[in-house]
Amino acid sequence: MSETVHRVPDGFGARIGPRELAELNALADAQPDRFWLDQAKRLTWNKSPTEAGDWSFDEDTFGIRWFADGELNLSVNCLDRHLPAHGDRVALIFEADEPGQGRSMTYRELYEETCRFANLLKQRGVKRGDRVMIYMPMIPEAAAAMLACARIGAIHSVVFGGFSPESLAGRIDDCDACAVITADEGVRGSKYIPLKRNVDAALEEGDVPTVIVVKRTGADVPMKRGRDIFYSDWRDALATECEPEVMNAEDPLFILYTSGSTGKPKGVVHTTGGYAVWVATTFDWVFDYRSEDIFWCTADIGWVTGHSYVVYGPLLNRATSVMFDGVPNYPDFGRFWETVDRLGVTIFYTAPTAIRALEREGDDWVTRYSRRSLRLLGTVGEPINPDAWEWYYRVVGDSRCPVVDTWWQTETGGILISPFPGATDMKPGSATKPLPGIKPLLVDAQHNVLEGATSGNLCIASSWPGQMRTVWQDHGRFFETYFKAYPGLYFTGDGCRRDEDGYYWITGRVDDVINVSGHRIGSAEVESSLVSHRKVAEAAVVGYPHDIKGQAIYAYVTLNAGEEGDEDLRKELIQEVRHDIGAFSAPEKIHFTPALPKTRSGKIMRRILRKIAEGATDGFGDTSTLADPTVVDALLAGRQ
Ligand code: WTA
């Protein structure tokens, strides 16, 4: 296959060019411990680590630790150490939903806000190791709340504001949170999101003792006496200093829930030292960070991208990070580029789904703005099709900004496969090559490791500092999910092709995770929501290709005897999923069918369901194991 190759644009002039990259790779291979301990020097430690990685992916010796004798505090690393010389530097630029309605916060201001929050949490009895839920819009107080947890050693768990009260309740319950930090309301695309009311609904049955409410819109929200407090009522009386807790490198920093193939969402646990080393390092490498940069990652802090590249990665590097509380199409499709010009953004990092949606609206929305400040573009979250890549490169970046297509996962903490913008030739659609120290392998279903140009399931052969350490309260599930399928390897759940130049092309999930607009959705979660409807007998949910969202959800539903599948029921079921999980998980299509294709042992043949959802009318492969082969014809007849 012939592919386009784009060389590093002239004049990019990165700190890390091909020679420096080759040196990094060589050192990482030859002396991994020294290499990783060198990276750890990016942080300020109370006690410097003397060991790098100590890990095994094998069942009998399974465990992952990094820098395990090191001690540090992450809020100190993000804030305090920058203050003596750079306290007046802008840490966060808050860009509100209404253009120009934001404000910025210097490192000193963010430090003081963090200390106030930390002191308030302490006053409310939150201690080291306790879990604190954060359910907030993209406002600087959300970052301060995360850093405040890090300061006192509490473990934060941020939940995306688009999740329903039911989803929030499930997460609060799973990690047994002792406090929730929220806002009265969020505002996005001029729509109001009733965050506090959602928290109230989530806590109806719980006994969480503290809810701290930050005023974002000033809306009148019910407050429960004794439990709920407005941050603004306390703020001015809170001290702007707070002694940081000294944490062990392996103490948990946060839990972030993510969807997998089966069951309810997993609480992915990241620890303090390794995660921080990894996001500090990758932010510097992949974004070629320079002190004059204004960095804008459009992700929400409710997802891992927001944790690693809106908050921790930039702040550890003393960068200026934009926190965007809006959407790409409000007030119009020029929003990103108008904001880039107004704020002087130099590095812009977004998702393919946003790029595709904007491309469709035409170049004029882009070209009417100058975008001269931009020098580097990035994407994350799902495979980017070469056409969208080219548009991003050519129209948005005027063919002068490298595009870094960064592959990684909630589980990996930070980027694992990506170009170095000043060193790696780019191929549109490929995340290119692993970062130094990362060892990807492609394997087939028979556990054979495949060499050379080939396709297979993507595994990683050795640990890296930012790797997740466990599933909250379920270490067995951690092993089962990621290390059982291919003994001795971390299995990513992604399929991948490697070309003759050793470039990696992620093809998407090979498990039952559906990636809708870069949001990970577990088919099992959507199915369990659908079957909770009294008229539904069974449901099977698959992804199918969608022009803008990458994938969309196609739900097959069988009904209880005597029930009729009509338009009203379709609407009800979609509503049910929105209510149970969140609007972003709503099926695009609902297909009522008399039966699902099952093997004689009762297993649903999802392969067939995926094909039909994609629009195939034949080529279903071997259907002889179906208990009732006529089911396929019935399914084809009822296709949506
Ligand atoms: C997909 C987001 C192709 C992949 C950081 C992965 C990608 C899942 C890319 C993780 C990319 C992420 N190219 N696919 N550059 N980046 N993915 O946990 O399927 O929300 O397994 O982390 O997104 O999604 P998650």
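**Exercise 1. How do two helices cross?**

At roughly what angle do the axes of helix α7 and helix α8 cross, and within what distance do they come?

*Solution.* First, the ground rules. This is a predicted model, in which local features need pLDDT of at least 70, side-chain atom pairs count only at pLDDT 80 or more, and totals for chains, interfaces and linings use all residues. Residues are numbered from 1 along each chain as its sequence is written, and side-chain values use heavy atoms, with hydrogens and water left out.

- Find the helices: α7 spans residues 165-175 and α8 spans residues 195-202. Helices (H or I, at least four residues) and strands (E, at least two) are DSSP runs, numbered from the N terminus.
- Read the geometry: the axes come within 8 Å and cross at roughly 55 degrees. Axes are lines fitted to C-alpha atoms, for helices over the stretch in contact, and angles run from 0 to 180 degrees between N-to-C directions.
- Classify: α7 and α8 are therefore oblique to each other. Angles under 35 degrees count as roughly parallel, over 145 as roughly antiparallel, 65 to 115 as roughly perpendicular and the rest as oblique.
- List the contact (heavy atoms within 4.5 Å). Pro-165, Leu-168 and Ala-169 of α7 meet Asn-198, Val-199, Ala-201 and Ala-202 of α8.

**Exercise 2. Check the backbone.**

Which peptide bond is cis, and where does Asp-176 lie?

*Solution.* 

- Recall the background: most residues other than glycine have a negative phi, and most peptide bonds are trans.
- The bond from Tyr-330 to Pro-331 is cis, with omega near 0 degrees. Pro-331 sits in the loop between β17 and α12 (335-343).
- Asp-176 is not a glycine, yet has a positive phi of about 55 degrees. Asp-176 lies in the loop between α7 and β8 (179-183).
- Asp-176 is exposed, at 55% relative accessible area. Buried means under 20%, exposed over 50%, partly exposed in between (1.4 Å probe, protein chains only).
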